[in-house]
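Subject: Handover of the model and what was found in it

Dear colleague,

I am passing the structure on to you with this message, and I would be glad if you could read the notes below with it open beside you.

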Amino acid sequence: MSKFVYLFNEGNSGMKEILGGKGANLAEMTRIGLPVPFGFTISTEACNAYYDADKTIPAEVQAQVLEALGELEEKTGKKLGNPENPLLVSVRSGAVFSMPGMMDTILNLGMNDETVEGMAKLTNNPRFAYDSYRRFIQMFSDVVLDVDVFFFERLLEETREAKGYATDPEMTAEDWKEVIQGYKNIVTKHTRKPFPQDPKEQLFLSINAVFDSWNNQRAIVYRRLNKIPSHLGTAVNIQSMVFGNMGDDSGTGVAFTRDPSTGESILYGEYLINAQGEDVVAGIRTPQPIQTLKDEMPAVYQQFIETCNRLEQHYEDMQDIEFTVERGELFILQTRTGKRTAQAAIRIATELVKEGIIDKKTALLRVDPEQLDQLLHRRIDENFERNQLAKGLPASPGAATGKVVFDADEAELLANDGQKVILVRPETTPDDIHGIIAAQAVVTSRGGMTSHAAVVARGMGKACICGCEAMKIDLHEKQFRVGEVVVKHSDIITIDGGTGEIMLGEIPMIEPELSEEFQLLLAWADEERKIGVRANADNPEDSAKALEFGAGGIGLCRTEHMFMDAARVPIVQKMILAETYDERNAALDELLPMQQGDFEGILEVMQGLPVTIRLLDPPLHEFLPDKEELIVEITKLQIQDPESKELKEKEALLKKVRQLDEFNPMLGHRGCRLGMIHPEIYEMQARAIFYAVANLADKGIDAQPEIMIPLVGHVNELKEMRELVNTAAQSIKEETGKDFEYTVGTMIEIPRAALTADQIAEEADFFSFGTNDLTQTTFGYSRDDAEGKFLQAYIEQKVLPENPFAVLDREGVGKLVETGVELGRQTKPGLKTGICGEHGGEKSSIEFCYNAGLDYVSCSPYRVPLARLAAAQATIRHERNNEKQAVIAK
C-alpha cells in the first residue's frame, strides 16, 4: 500500500518532491525542535492520484487522512468536532516550488454551531470564538463553496456602519453572532444548501478544494510565468490552529531574516496584534514594523530573533517566516527561502560567503541570472525636482512611468497593445496576477510590504508601492484622490518603488550604477566559467556598453544596421537601383568610407578583442520603400501632377521594387546569395574592414576582425566568398604596406550547413550558430507569423514546452548545433564555435551551449552580466554532476 500521508515528525527537508516546500519545511522545523503546531501532510502523489481518479479522493488516501487525524487528536488532546475541547485546523496548499498566494487556504476548520460555544467557554473569550467562526464561514464559502467574498464583505461593512464602528476589533461577540447568521443565510441563498456543520465533511471538501486550486487560472498563469512543471501537483498541509486573535497578548506576522529589497542583514517584517495571519498577507489591515514587537512583547521578540538566526544558519539562506503568538507563546507556522530582489539576492549571496555560511560556488548558484536585468535599467534622475503627490511603503524597488489603470484585465489588454500602464488597486489578489505581469508597476492603497502585491512584484522585479493610505481609490469612477488632487484613468504617473513616492506625469530616468557586490559576484563568475561571453553590437556606443558589462569581444556586428542609417539610405538605394556595374560601384565607393568609419569605431573601442563582422545579410528590398505605399503615392501624382519628374522617379523605383519582390524573402536572395550574385557589395565591405584595421595599426591597436559570411548552405558558397575576402585583404595589404591578421568563418543557420559542417569547415576558421534563423528553418516557422498566430496557443496546449525562439529547442535545433560542432571539429579539431542568436542571453540555452562544447555565447550588451553568471552556473553544475557520477561509479 502506498504512503500518501505523513505526520510532521515523519518527514524532513529532503522530501520536498513528496511533501511540497511547505510540508518539507514544517517537517524539518519539527525535526530540529522548533515550536511548530503539530499536523500532517497529504503528499503531492495524493494530488496526482486525485486527478487520476477523476477529481475524487481515493479511499486509501481518505483512510490515511483519518488515521493521521487520530494521531493529531491524540498529540493535542483535542478532537475535531468535540464541543467540549474542539480541535481546529488550517488546511493549506504546499507546492514543490513556492507559489505565494496562487492556491487556496482555509483557517479555523472544525468550527460549527456547537464548537464555537465550546471555544468561547474554553478561552473565556466569546468575542474571539465568534470572530474565528465568521472568518471560517467566509473563507470556506469562498474557497470551497465558490460564494464570492464580496457578499460577505458587503454585509460586514453594512453591519459595522449600522453600529457606528470604524474597525473590526470594535465588534462584540453578539455583533459577530449576528454577522454569522447573515453569513449562513448568504451561503444558503447561493448554494441552496445550509453551511456544512460536520467537521470531517468540511475537512474533505477543503482537501478537494486545495487539490482543485492546483489548476485554477491564477496558478496556471504563475506556473507558466515561472516555468514550474504542471505535473508536480500540490501537497496539502493539515495543521493544528494557534490563534493570534485571542487578545492583546496575541498576534501574527511575517518576517524575513534579511531585508528582501536591499539584502541588508536586519530583521525585516510586520505583525498585527490580535489578528490572524490572513490579515497581514491579504493587506486588509496595515501592520506594524516587526521591531515594535520588542516593546510590546520583549521576551517573545528575543525568542523570535534567536529562532530567525537558527533558521538562517540551518538553511544557509535568508528565510521568510510566518509566526503567531498565542497568549504570549511563540509558534513558527512556516519558513521558506525568502523571495528577494536582484539587488538583495546579490548582496545576501556575497555576504553569506563573507560570513562563512556558504562558499563562492554556492553563492553563484543562489542568484537567478534572469534577475540581473532588474539592475541594468533606468531609475529616476535624482537631479529632477520631485513633486510628490503621495507616499506609500517602498515594497519593491525600481522606477516606472505609465498610464493609470484600475483593472487587471485592462492592464493586460493595453499592455498587449504596446501601452505602458501602472496598475492601481486597493489591494491585489492572486486573481490579478495577469495584470501585474502586464503592468510596469503596481500601487495599492492598503497592505504592507509582505502583502500579495509586494511579494509578487518583487519576484518579478517590478516596482511596487503598498499601503499608500492617502490614496482614496474609486473603482467605479476609475479615479483616485489624494487630498484635492484627482487622478483619472489613463493619466500618467511615475512611481519610485525604492522610496514609495508617487508623482504626477513623466519624470526623466538615468542609467543604473552597478554595486560593488554585483561586480564581486560577476568576478567570481568569471573565475568559474569555462565558456566565453561576447556581445552583439553594431556601433561604438553599444560596444562600449558591452565592455562595461564585461564582454570578451563582439560576437555579432550586423552591418545592415549601418546601411539603414537615414543619411545613407539614399546612397544605398542608388546602389540597389543601379542598372550597370559602374553605377553600382560608384554608389559603393560613396559607402566605403562610411563603412570604414563604422568598423574603425567599433574595433577601436574593443582594443584588440575579437569582433565578428557579419557581411550584409537581409534582402535588398528591405532598403527600398514599401510597395503598397509607393503605389498610393504614384496614383496621387498621376492625378495631381502627371508630368512631374517625381512621378517618373517613383515609377522607376516601383519597377525595381517589383523586380526584387519575393514570395518568401527570408529564404530568398539574401546573405551569401547576395554576395554570390553581387560580389562587389561584399568586396566593398571587406575592403572597408581592412582599411579600418590598417588605420588602427597606426594607433597601436591590433584589431582582430572575424569576417562572417551569412546564410551559407553549401561549402562552395563559402569557398567563393572566402576567396573574395582574401583577395580584398591582399589588395589592402599591398596598398597600405601593413600586415594584419583576420579570420573568415560562417554563420550556421541553415540545417544543411549543420549537416555538412565537416565539408564547410574546410573553408571556415570559425562557426557562429545563428539560432534565430536556424530555429526558423528547422521548425519551418516564420517567427513573426508564428508568435503572432499560433505559438502561444502551442505553448498553452503543451504542444511545445517553451517558445523555441526564446529558449533553445535542444531536441531539434540543439541536435543540429551539436552535429555542426562535432562534424566541424572532425575536420578542424581547433575550430572556434559560438552562438550569436538571442538564445545566447538565455540561461537554459547558455547551459546547453556549454555542454555542447561551444567556445562562447554572444548576446545583447545588457544581457552580458546574465550570460556571465549563467555560464558560471553551467560550469559549476556540470562539475558537481560529474562528481556525483564519480561517487555513484565507485
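A residue is called buried here when its relative accessible area is under 20%, exposed when that value is over 50%, and partly exposed in between. Please keep in mind that this is a predicted model. With that cut-off, 55% of the 890 residues of the chain count as buried. The C-alpha trace spans about 105 × 80 × 55 Å along its principal axes, and the chain has 35 helices and 31 strands. Of the contacts in the chain with a separation of 6 or more, 69% are accounted for by residues 24 or more positions apart.

I begin with the sheets. One of them is an open sheet of five strands in the order β1-β2-β5-β3-β4, and its pairing is antiparallel. Its edges are taken by β1 (5–7) and β4 (105–109), each of which has a single partner strand, so that one side of each is left without a neighbour in the sheet. On average, and with direction ignored, neighbouring strands of this sheet are turned by 20° against each other. Strand β3 (residues 89–95) pairs with β4 in the antiparallel sense over three bridges, and within this pair R92 stands opposite T105 in β4. Helix α1 packs on the sheet, where it touches β1, β2 (39–42), β3 and β5 (234–240), and its direction makes about 125° with that of β3.

Five strands also form an open sheet with antiparallel pairing in the order β8-β7-β6-β9-β10. Here β8 (288–289) and β10 (329–337) stand at the edges, and because each has a single partner strand, one side of each is left without a neighbour in the sheet. Strands β6 (residues 251–256) and β7 (residues 268–273) pair in the antiparallel sense over six bridges, with G251 opposite I273 in β7. Helix α1 (residues 16–31) packs on this sheet as well, touching β9 (319–326) and β10, and its direction makes about 130° with that of β10.

In soluble globular proteins, nonpolar side chains tend to be buried together. The largest nonpolar core in this model has 127 residues, of which F690, I709, V725, F767 and L854 touch the most other members. Helix α26 (residues 679–698) gives the most to this core, contributing 11 residues. If residues up to four places away in sequence are not counted, F690 touches I707, V725, A728, A729, I732, F740 and Y742. Apart from this core lies another, of 83 residues, which includes V89, A209, Y315 and L330.

What of the charged side chains, and how many salt bridges does the structure hold? The structure holds 53 salt bridges. In one of them, R160 is joined to D168, with the closest N and O atoms 2.6 Å apart, and both R160 and D168 are buried. In another, E351 meets R347, with the closest N and O atoms 2.9 Å apart. Because E351 and R347 are four residues apart in helix α13 (residues 342–354), they are separated by about one helical turn. E351 counts as buried because its relative accessibility is 15%, whereas R347, with a relative accessible area of 25%, is partly exposed. The side chains of R614 and D617 also meet in a salt bridge, at 3.9 Å from N to O; R614 is buried, with a relative accessible area of 8%, and D617 is buried as well, with a relative accessible area of 6%. Salt bridges that share partners also join R127, D131, R134, R135, R160 and D168 into one network.

Finally, there is T159, which lies in helix α6 (residues 149–163). T159 counts as buried because its relative accessibility is 9%. A polar atom of the T159 side chain lies 2.8 Å from the backbone oxygen of L155. With its neighbours within four places in sequence left aside, T159 is in contact with M171, E178 and V179.

With best regards

Technical notes
Residues numbered from 1 in each chain as written. Predicted model: local features only at pLDDT ≥ 70, side-chain atom pairs only at ≥ 80, totals over all residues. Heavy atoms only, no water. Core = buried A, V, L, I, M, F, W, Y, C linked by side-chain atoms within 4.5 Å. Buried < 20%, exposed > 50% of the residue type's maximum accessible area, 1.4 Å probe, protein only. Helix = DSSP H or I, 4+ residues; strand = E, 2+ residues; numbered from the N terminus. Contact = heavy atoms within 4.5 Å. Polar contact = N/O pair within 3.5 Å; in protein donor to acceptor, adjacent residues only side chain to side chain. Pairing = 2+ DSSP bridges. Axes fitted to C-alpha atoms, helices over the stretch in contact; angles between N-to-C directions. Salt bridge = Lys/Arg side-chain N within 4 Å of Asp/Glu carboxyl O.
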